[in-house]
Amino acid sequence: MKCDLPIELLSGYLDGELDSEQTRMVEEHLEACKVCRKELEDLKQLDGYIRSVEVEEPSREFLFTVNRRVIDRIKKKRRVSFFRFAPVLVPVAVAALVLIVLVKSPEPTQFVDIDHLVYFVEPETRYTETTAEVSAVDGRSVPAEKSAERVRAPVVMKDEATEELTAAGAPAPSAPEPVMKKAAVGSEYRREAELSEDADMTDIEGLFQVYELPKGQVVRAIVDTTGRVVKVATGNTIIPERDTVLENRLQGQQLAPDRFKGKRVQFYLDFINEDPEETSEPCTE
Amino acid sequence: MYNSVENDDVLIERVQGGDCEAYNPLVERYKLPLYKVMYRMMHNRDDAEDMVEEAFIKAYKAIKRFERGRSFFSWLCRIAVNNAINYLKKERRGNAESIEDVKYRLAARSGNPVEMTRQKMLKERITAAMEHLPSEYRTILVLRVEEEFSYDEISKILKIPRGTVMSRLARAREKLRTLFKEMEVNRT
């Protein structure tokens, strides 16, 4: 005999999930229907079987390590989630770094050297001492101021400081004869360098005169931190060229004092062989 | 830290704020209840343990969407059950033991009364019948019969209407009874 009670109601009745009206209806039906009572018993038994299935104990490893594993995986995922932007962030970061390097990178170090042909890199020279004029003809070292007084030759100075000195203190020339004059001191880095007045200076004028430079030519000596000549160049005042012949004569000569105030670096000294007639005017004023 | 007395909402709020260590007490609190649910669905210890771990990871990833005031365990169960259903669907396509194979295996054991008592036989049959249920039916039976969730709770966990819970549960019981009968071993 087939019963028309929906299985949903029987199942719901078993679970106690029917409302009061449905419950009353099912209970009335069950009193009258043997088949449904049997079916309800079967369902109860089936539930009992389901509940009888024992749950196996979890492993000790699970009990003791699952917490840590979960937390570790969470932290790892958070780190990974940051790096998932790496395909975008890394190129951007590299590009930014390159840009910063290009913008911020200092100009390449430019040593004062003949090869670079640097001339008056730092025009505001602090060379204001009388040592600007160095002259020695008798082979002994002389104080710079004295040597300036002995100079009879007209002097042409590119340096403002030495111009002042010449106009104020130096007597007018009486015998025009070419004399090598120190015209300028240049150093790219040395701002405080000053030649001391009692510095021993090697007589180089004689060497220059022997060498007989054409008028208007400059002798540029590259001097190292000890004051000794390293390289020599001659030529016009803008771009003198390396002169190995004169360099062989002067190399190692003590051309400047070996003590400086400030950073000790290479610098250069220019000696100009000027025509005295062309440059006498400023001195006589 | 494991034995934190802070309630679920406080811990969840801390986790939502970025304190992942606050997740530890939640794992400790619910790993065994969730393992029981998973074991009854998977009928395998290793699979159940894996499912629990995966469920906690997925729950963490979705924790920002957790609404305060809800039951964290129900919410966790929903994630775990859905994950398990997906796993079971894939597994079933692979290596499902046929009902005939189950009957043969049970019959072979029943010849040895020491090894297999009647009670054990029944448990093996119901286990095998549950394994052959569609995962939706198995899930709803586990939640109702074994975990004793109410229809309303099941409705929230599975995101289905309450009426669907009632009808699906009834069909699941019918199907299970049919399978259980099919697996009865003919002792003759």
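**Cores, a helix pair and an interface**

The largest nonpolar core has 64 residues, and those touching the most other members are Leu34(B), Met38(B), Val52(B), Leu76(B) and Ala80(B). Helix H2 of chain B, residues 23–42, gives the most to this core: eleven residues. The model is a predicted one.

Take Met38(B) as a way in. Setting aside neighbours within four places in sequence, what is Met38(B) in contact with? The partners are Ala48(B), Met51(B), Val52(B), Ala80(B) and Ala84(B). Val52(B) and Ala80(B) are also among the residues of the core that touch the most other members.

Now to a helix pair in chain B. Two packed helices are described by the angle between their axes and the distance between the axes. Helix H6 of chain B spans residues 118–132, and helix H9 of chain B spans residues 162–182. Their axes come within 9 Å and cross at roughly 125°. The crossing of H6(B) and H9(B) is right-handed.

Which residues meet where H6(B) and H9(B) touch? H6(B) brings Arg125(B), Ile126(B), Ala129(B), Met130(B) and His132(B). H9(B) answers with Leu176(B), Leu179(B) and Phe180(B). By class, the residues of this contact are six nonpolar, one polar and one charged. Arg125(B) is the charged one and His132(B) the polar one.

Chain A comes next. Its secondary structure comes to ten helices and five strands. The chain has 285 residues, of which 28% count as buried. Consider contacts in chain A between residues at least 6 apart in sequence: 70% of them join residues at least 24 apart.

Last, the two chains together. How many residues of chain A are in contact with chain B? There are 28, and they are in contact with 37 residues of chain B. On the side of chain A that touches chain B, three helices each supply at least two residues: H1 (7–15), H3 (34–52) and H4 (60–83). H4(A) provides the largest share of that side, nine residues. By class, the side of chain A that touches chain B has 13 nonpolar, five polar and ten charged residues.

Notes
Residues numbered from 1 in each chain as written. Chains lettered and ligands numbered in written order. Predicted model: local features only at pLDDT ≥ 70, side-chain atom pairs only at ≥ 80, totals over all residues. Helix = DSSP H or I, 4+ residues; strand = E, 2+ residues; numbered from the N terminus. Buried ≥ 20, exposed ≤ 12 C-beta atoms within 10 Å, placed from the backbone. Contact = placed C-beta atoms within 7 Å. Axes fitted to C-alpha atoms, helices over the stretch in contact; angles between N-to-C directions. Left-handed = near helix turned anticlockwise from the far one by under 90°. Core = buried A, V, L, I, M, F, W, Y, C linked by C-beta atoms within 7 Å.
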